[in-house]
Amino acid sequence: MKAAIVGWGHTPFGRLDMSLEEMIQAVTREALADAGLTGEDIDAVWLGNFNAGMVPDGFCASMILGADEGLRFKPAARLENACASGSAALYAAMDAIASGRVKSALVVGAEKMTAVDGPTVTRALGAASYQREEAGMSFPEIFAQFALAYQAKYGDPTEAMAHIATKNHAAAVHNPFAQLRKPLELDFCRYASDKNPIIAAPLKKTDCSLVSDGAAAIVLVREDMAGDFRRAVGFRAAQQVNDLLPLSAKDMTAFEGPRRAFAKAYAQAGVSVGDISFAEVHDCFTIAELLSVEAMGLAAAGQGRELVIDGGTGRNGRLPVNMSGGLKAKGHPVGATGVSMHVIAARQLTGEAGEMQLPDPKLGMCFNMGGGAVANYVSILERL
């Protein structure tokens with residue numbers, strides 16, 4: 001039995017004057033109200049949360065239960081899969097519905113990242129790398145290795161990366177949840193400067209996603225129950241592919257884990273990339289979006305630069321990518337990101353995306369990634 005999305009909630013992303021618990025409970029209440037349900041109607045709950053020392057709350061799934069008295073005594077579990085923790089929670093809930101064990105589920109993704117200083121956040125995120133070989137590397141340094149590998153094999157990607165940053169910031173202007181609703185000029189993103197310093201060559205500040213607080217929530221029910229709700233979004237495909245953890249074990253230009261996840265999702269849905277109306281992809285760094293464009297088959301390996309520079313992933317391009325602003329400008333509270341992507345996609349497909357709305361989208365795709373192309377989740381969604 002497939003699952004259907006029938007309700008959602010979403011905080012703004014950014015530096016929020018809310019605790020982890022307050023964010024979790026706010027989006028829980030919003031999602032339940034949006035679905036027209038109470039806690040009594042939910043069979044089980046899942047939380048996506050990475051943490052790794054950014055807050056002292058290491059045991060936080062039951063924080064959800066405090067949002068509605070009807071949730072008390074319901075099963076609750078926290079899922080962690082680096083920056084794909086939100087999708088891990090979502091897919092676990094979908095599996096429980098498919099098994100017949102539950103008929104309804106609540107999924108929350110949340111992260112509080114601004115309660116500690118920058119070096120602490122950097123160390124926490126760095127824990128998602130292969131410590132035997134990569135300990136002490138920041139994630140900008142890790143994705144700089146992807147950019148350098150791309151440059152060595154195909155040529156300099158930095159012009160395309162600047163176009164990606166500019167596109168995503170322009171899109172975020174229309175997203176009320178986005179952390180940076182501010183357009184950036186192409187030349188500002190293209191060149192290093194005092195305000196746009198090199199973080200890990202060749203990545204500049206404008207190539208890096210944001211440190212953010214935020215949460216998102218989704219109510220799932222069995223697909224055969226979707227008619228009981230005012231609108232619903234279903235899954236044509238939901239695929240997870242994990243690759244090896246060490247960077248040294250992989251061809252970093254191949255993005256093979258994401259590539260395989262996209263291929264499996266297309267096969268499950270019976271579609272090709274040309275059938276997709278829009279995509280939300282994991283642009284933790286602009287090089288990741290460029291590699292994702294190639295991994296999804298929108299451009300051949302090494303040829304994504306021309307597509308991006310020519311506007312092929314813009315609002316009026318072949319496939320609009322990250323019309324929410326992406327992690328780059330919407331923000332990246334790591335445990336919330338996967339759930340947020342699915343909320344954004346559901347809003348697009350139901351015509352509820354406000355100023356972000358695309359004309360008559362049929363199929364939306366989400367790609368959420370943990371680590372250096374290690375945990376890869378691809379969903380293809382449609383309105384039911």
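Helices and strands are here runs assigned by DSSP and numbered from the N terminus. In this predicted model, R231 is placed in the loop that joins strand β7 (214–222) to strand β8 (233–242).

The surroundings of R231 include several parts of the chain. Not counting residues up to four places away in sequence, R231 touches I5, V6, G7 and W8, together with D34, T350, E352 and R383. Two of these neighbours can be described in greater detail. The side chain of R231 reaches the backbone oxygen of V6 at 3.2 Å. The charged end of R231 sits over the ring of W8, at 3.9 Å from the centre of that ring.

The nonpolar residues were examined next. In soluble globular proteins, nonpolar side chains tend to be buried together. The largest nonpolar core of the model has 98 residues, and those with the most contacts inside it are F143, L220, I287, M296 and I380. Helix α2 (residues 85–99) supplies the largest share of this core, namely nine residues. Another core, of 31 residues, lies apart from it and includes A4, V6, I24 and C60. Within the largest core, M296 is one of the residues with the most contacts. Leaving aside neighbours within four places in sequence, M296 is in contact with F262, Y266, V273, A279, V281, L319 and M365.

Aromatic rings were then considered in pairs, and the count comes to eight. In one of them, the rings of Y91 and Y377 have their centres 5.0 Å apart and their planes at 85°, so this pair is edge-to-face. Because Y91 lies in helix α2 and Y377 in strand β11 (residues 375–383), the pair ties together parts that are 286 residues apart in sequence. Both Y91 and Y377 are buried.

A further pair is formed by F139 and F143, whose ring centres are 6.3 Å apart and whose planes are at 35°, so the pair is tilted. These two residues both lie in helix α5 (residues 139–154), where they are four residues apart, about one turn of the helix. F139 and F143 are both buried. Ring pairs also link F139 and F143 with F146, F255 and F285 into a cluster.

Conventions. Residues numbered from 1 in each chain as written. Predicted model: local features only at pLDDT ≥ 70, side-chain atom pairs only at ≥ 80, totals over all residues. Heavy atoms only, no water. Core = buried A, V, L, I, M, F, W, Y, C linked by side-chain atoms within 4.5 Å. Buried < 20%, exposed > 50% of the residue type's maximum accessible area, 1.4 Å probe, protein only. Contact = heavy atoms within 4.5 Å. Polar contact = N/O pair within 3.5 Å; in protein donor to acceptor, adjacent residues only side chain to side chain. Phe/Tyr/Trp six-rings, centres within 6.5 Å; stacked < 30°, edge-to-face > 60°. Lys NZ or Arg CZ within 6 Å of the ring centre and 35° of its normal.
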